[in-house]
Amino acid sequence: MALQQRTGTSLILRLELDQSVGAFGQLTRAIGEAGGDIVAVDVIHVTKNTAIRDVTVQAFDRVHGERIVQALKELPGVRVVNVSDRTFLLHLGGKISIQPKSPVKNRDDLSRVYTPDVARVCTAIQEDPAKAFQLTIKRNTVAIVTDGTAVLGLGDIGPAGAIPVMEGKAMLFKQFADVDAFPICLDTKDTDEIVRIVKAIAPTFGGINLEDISSPRCFEIEDRLRAELDIPVFHDDQHGTAVVLLAGLLNATKLIGKKLEQLQVVVTGIGAAGVACTKILLAAGVKNVIGVDRQGVLTRSVNYDNPIWQWYAQNTNPYEVRGGLQEAIAGADVFIGLSGPGVLTVDHLKKMARDPIVFAMANPVPEIDPEEAEPYVRVLATGRSDYPNQINNVLCFPGIFRGALDCRAKTINEEMKLAAARAIASIVTDDELNEQYIVPSVFNKKISRAVSQAVIDAAIATGVARRERPDYTQSN
Ligand SMILES: NC(=O)C1=CN([C@@H]2O[C@H](COP(=O)(O)OP(=O)(O)OC[C@H]3O[C@@H](n4cnc5c(N)ncnc54)[C@H](O)[C@@H]3O)[C@@H](O)[C@H]2O)C=CC1
Ligand SMILES: CC(=O)C(=O)O
Ligand SMILES: [Mg+2]
């Protein structure tokens, strides 16, 4: 309930009210009695007998919103003309658009941007394909590719249902790092077909951000595209999440005074994000990670059909813990949730070591209600923007692609990811670091520059940059 209250839903109610003394007071009282919170009132139109007003009301959730509307419908002298949900209003007609960089004002402009003069530019690129980086949108454009099979924690909701999330990612790419990103939602789940389509569209793009493709197909799709394309291919749910998780953990462990090597870490949800987070933790020095999925703890004594689980079981759970979360979490320092709501309980928290660190990162609803968990943990983080410590891949993907595009990296490798994680962590200074502030806010303007510069340095050091001196005086 508390979680719902903080999330809430905001309704704009267009109401026609009789112009009688006390009518507005009755209206506000009815909304208050139904538990709604009036956020704003706008007068739209007034006549001698009636007034039309837009009343913005905050409700706990959709059902609560419906109850408020019903209460108003039953109120004498009030007519509910229309109900709009502010979130839906923000999505009307989509959230992004394409703008030309210069106007086409006359025939001369037309013949340059289009035929006949454009043909000279086309031929120049045909003769030297690398010129596509200078003379087209390629240098600053990323494809956000999904098949809609693992959209947030909503699961397989299909490619059309995935569009709003991909549009949202495109907005964030632009706002935080001036990267032009375009949503591409594919109506196929076939691995071979996805690989073929992405390869076929790749010429337009400087990078491919794979998003919300379910495991285990996501691993093969990414591996094959990385091998076959000469532009960065980055599965955000794996690596973006892993980078931000590591940043958060580096800072959280400073607070509890433990080194990564000393930690017992439990990960629930051994899918795209869970596997990548585990890999980055192992690369950063964590020795004891225990993975738990629906069937329980992954252990090396079991043979798994899923090859990535087979790898996982061989490389984690060094003390061969068996059972479920109940067994895995006993004495654990860190819980990392990348599974779904309700997985973690207060009973689990009570079994953890002193000063527990809990990153409940499932979206949109975390593994445990943060308000329920708070009294039992030292550091708490979620993937959401309405709580402190938002561990979300948005802290990573804009800056990492900004850096990769600027140095024309062929790929995004492990060193670039580790550098990005350290850069994000370093934005929180030792003076600022506290339980409520282990990662910088998404709106901290330093992030994208710090991440992109760290990524460029790592790309140059590891020999994957094709351009060493990006020009920051240009926007792209
Ligand atoms: N905060 C962030 O930045 C991010 C959060 N996520 C969240 O992490 C979750 C997983 O995402 P992906 O790895 O992309 O999905 P995925 O579909 O690849 O993997 C999910 C895994 O969780 C397991 N799982 C589901 N419910 C479980 C339960 N009750 N107990 C144990 N295991 C369970 C599934 O069997 C599957 O192996 C989603 O809720 C997603 O929104 C994912 C990426 C980034
Ligand atoms: C944040 C994100 O990418 C996800 O939840 O899937
Ligand atoms: Mg995602």
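Is lysine 169 buried or exposed, and with what relative accessible area? In this predicted model, for which local features need pLDDT of at least 70, side-chain atom pairs count only at pLDDT 80 or more, and totals for chains, interfaces and linings use all residues, side-chain values rest on heavy atoms, with hydrogens and water left out. Residues are numbered from 1 along each chain as its sequence is written, while chains are lettered from A and ligands numbered from 1 in the order in which they are written. Lysine 169 is buried, with a relative accessible area of 10%, where buried denotes under 20% relative accessible area, exposed over 50%, and partly exposed the range in between (1.4 Å probe, protein chains only). Lysine 169 belongs to helix H8, residues 158-177; helices (H or I, at least four residues) and strands (E, at least two) are DSSP runs numbered from the N terminus.

The UniProt record, an unreviewed entry, places the feature "active site" at Tyr114 and Lys169. These positions span 56 residues in sequence, and the farthest two C-alpha atoms are 30.6 Å apart, so they do not all gather at one spot. UniProt positions are given in the numbering used here, feature names are shortened, and annotations may be inferred rather than shown by experiment. Tyrosine 114 is located in the loop between helix H5 (107-113) and helix H6 (118-127). In contrast to the buried lysine 169, tyrosine 114 is exposed, at a relative accessible area of 54%. Together with Val104, Leu110 and Val113, Tyr114 makes a nonpolar surface patch of about 380 Å². Patches consist of residues with over 30% relative accessible area and no salt bridge, like charges being joined within 9 Å and nonpolar side chains (Val, Leu, Ile, Met, Phe, Trp, Tyr) within 5 Å.

Lysine 169 is also one of the residues surrounding ligand 2, together with Leu152, Glu211, Asp212, Asp237, Asn363, Asn392 and Asn393; a residue is counted here if one of its heavy atoms lies within 4 Å of the molecule. Polar contacts, defined as pairs of N or O atoms within 3.5 Å (within protein, one must be able to donate a hydrogen and the other to accept it, and residues adjacent in sequence count only if both atoms are side-chain atoms), involve several of these side chains. A polar side-chain atom of lysine 169 is 2.8 Å from an oxygen atom of ligand 2, and for asparagine 363 the corresponding distance to a ligand 2 oxygen atom is 2.9 Å. An N or O atom in the side chain of asparagine 393 lies 3.0 Å from an oxygen atom of ligand 2. Ligand 2 taken alone exposes 220 Å², of which the protein buries 86%; accessible areas come from the Shrake-Rupley method with a 1.4 Å probe, and for residues only the protein chains shown count as cover.

Ligand 1 is surrounded by 23 residues, the closest being Thr241, Ala272, Ala273, Asp293 and Asn393. Serine 215 places a polar side-chain atom 3.1 Å from an oxygen atom of this ligand. Backbone atoms contribute as well: an N or O atom of methionine 361 is 3.3 Å from a nitrogen atom of ligand 1, and a polar backbone atom of isoleucine 391 is 3.0 Å from a nitrogen atom of ligand 1. Taken alone, ligand 1 exposes 850 Å², and the protein buries 85% of that area. Helix H11 (236-256) and helix H12 (272-284) are the elements that give two or more residues to the shell around ligand 1.

A search of the whole structure finds 24 salt bridges, each being a side-chain nitrogen of Lys or Arg within 4 Å of a carboxyl oxygen of Asp or Glu. The side chains of arginine 217 and aspartate 147 meet in one such bridge, with an N to O distance of 2.7 Å. Arginine 217 lies in helix H10 (residues 217-228) and aspartate 147 in the loop between strand E5 (141-146) and H8, so the pair ties together parts that are 70 residues apart in sequence. Arginine 217 is buried at 19% relative accessible area, as is aspartate 147 at 1%.

Glutamate 414 and lysine 417 form a further salt bridge (2.8 Å, N to O). Both residues lie in helix H18 (residues 414-427), 3 residues apart, about one turn of the helix. Glutamate 414 is partly exposed at 43%, whereas lysine 417 is buried at 4%. Salt bridges that share partners also join Asp108, Arg112, Asp117 and Arg120 into one network.
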